[in-house]
Amino acid sequence: MNNELKKLIGKLEADRKLSREEYLFLLNNRNPESTEYLFERARTIKHGIYDHDIYMRGLIEFTNYCKNDCYYCGIRKSSTGTDRYRLTKEQILECCATGYELGFRTFVLQGGEDPYYTDDRIVDIVHAIKENYPDCAITLSAGEKDRESYQAYFDAGAERYLLRHETANDEHYRKLHPEELTLSRRKQCLFDLKQIGYQVGCGFMVGSPYQTNECLVDDLLFINELQPQMVGIGPFIPHCDTPFAEQPAGTIELTLFLLGLIRLMIPNVLLPATTALGTIDPMGREQGVLAGANVVMPNLSPINVREKYMLYDNKICTGDEAAECRACIHGRMEEIGYNLIVSRGDCKQ
Ligand code: SAH
């Protein structure tokens, strides 16, 4: 068995893709020995491109209003327990100022799909950040928009966009989202973003309700098709105020295995060890890096709104100042032999 697993891992490393059957075989039969081998290969590939550098992104959660009602998400429209907030342009710029001081050279603006932030407002915010911090990259993560809107943000200076596809299996997509949201539209957005010239990030939750290994294979095949520069994955974690409140969380084990696979599929991918990974295990982000991740995303949101951007229960770092988060993650990376560096952290060729 182990030889067969190792052969497939070797094939993935050489060809950067496997067939549906081969991916499924790996997922169904993985064991500690083949997993350790996978992580060792993933680290070697990562070190060849990025050495022991870890890029950091300053996450600014600019609104928790959302017009969507995704069943898993703590800030969904129907989540009545959520105390809603929006950051002003000035507040966002203050987050950037704090972040810049701390060595952040990428700012990620993430939020619910909030119609208050019209294209004009987003363009204005992007312009202002670009003007003040011309040496920084701006990443947007604000959901599904028309192609013209994405183009306008790009023209204003946003270079990266994160839009997790959530699941590449149609049937599974239907079980996670209300009817008005569709996988085909989600995918179209990703292809639009790519065509415009953004560095694009897709991704999914590991262990979301009703997910099977077959669904995960669809996710891997979609990643092979899209060839994104970034892939965001983290465990699903239930939120008490959603229809999935009673569902079990995803496991760290499967999340790490998938991180390793994705590093082999796209050697230069920017792959975060996510906050959700740090939430289900106190050493989750360290283990993520050791499985192939090379990005961390500490929180730069103002302290008084942190607790309100609760995508899932028990989210970590909601009480810490940006400087504390930065120092903490710096120490954690050093501890495992990696360097948190001051850089825009673009995708290397
Ligand atoms: N509105 C934006 C940002 C969504 S929040 C968008 O549509 O892209 C960022 C990510 O958090 C989501 O894409 C989702 O994958 C993840 N997320 C949401 N709820 C979660 C939960 N309960 N557990 C783990 N991750 C969750």
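Contact here means heavy atoms within 4.5 Å. The structure is a predicted model.

**Helices α1 and α10**

In contact across this helix pair are Ile9, Leu12 and Glu13 of α1 and Leu261, Leu264 and Met265 of α10. By class, the contact has 5 nonpolar residues, 1 charged residue and no polar ones. Two packed helices are described by the angle between their axes and the distance between the axes. For α1 (residues 2-15) and α10 (residues 252-265), the axes come within 7 Å and cross at roughly 40°. Angles under 35 degrees count as roughly parallel and 65 to 115 as roughly perpendicular, so α1 is oblique to α10.

**Nonpolar cores**

The largest nonpolar core has 101 residues, and Ile129 and Leu258 are the members that touch the most others in it. Helix α10 is the element that gives the most to this core, with 10 residues. When neighbours within four places in sequence are set aside, Leu258 is in contact with Leu27, Phe204, Val206, Leu216, Leu220 and Ile233. Another core, of 9 residues, lies apart from the largest one; Val108, Val295, Met297 and Cys347 are among its members.

**The sheet around β1**

Strands β8, β1 and β9 form an open sheet of 3 strands in the order β8-β1-β9, with parallel pairing. The edge strands, β8 and β9, each pair on one side only. The two pairings of β1 (residues 53-56) are set out below.

| Partner of β1 | Sense | Bridges | Bridge partners |
|---|---|---|---|
| β9 (residues 339-341) | parallel | 3 bridges | Tyr55 with Ile341 |
| β8 (residues 295-296) | parallel | 2 bridges | Met56 with Val296 |

In a regular strand the side chains alternate between the two faces of the sheet. In β1, Asp53 and Tyr55 lie on one side, and Ile54 and Met56 on the other.

Which strands does helix α14 lie across? Helix α14 (residues 322-335) lies across β1, β8 and β9. The helix runs at about 140° to β9.

Note on methods: Residues are numbered from 1 along each chain as its sequence is written. This is a predicted model: local features need pLDDT of at least 70, side-chain atom pairs count only at pLDDT 80 or more; totals for chains, interfaces and linings use all residues. Side-chain values use heavy atoms; hydrogens and water are left out. Axes are lines fitted to C-alpha atoms, for helices over the stretch in contact, and angles run from 0 to 180 degrees between N-to-C directions. Helices (H or I, at least four residues) and strands (E, at least two) are DSSP runs, numbered from the N terminus. Angles under 35 degrees count as roughly parallel, over 145 as roughly antiparallel, 65 to 115 as roughly perpendicular and the rest as oblique. Ala, Val, Leu, Ile, Met, Phe, Trp, Tyr, Cys and Pro count as nonpolar, Asp, Glu, Lys and Arg as charged, and the others, Gly among them, as polar. A nonpolar core is a set of buried Ala, Val, Leu, Ile, Met, Phe, Trp, Tyr and Cys residues joined through side-chain atoms within 4.5 Å. Buried means under 20% relative accessible area, exposed over 50%, partly exposed in between (1.4 Å probe, protein chains only). Two strands pair if DSSP finds at least two bridges between them.
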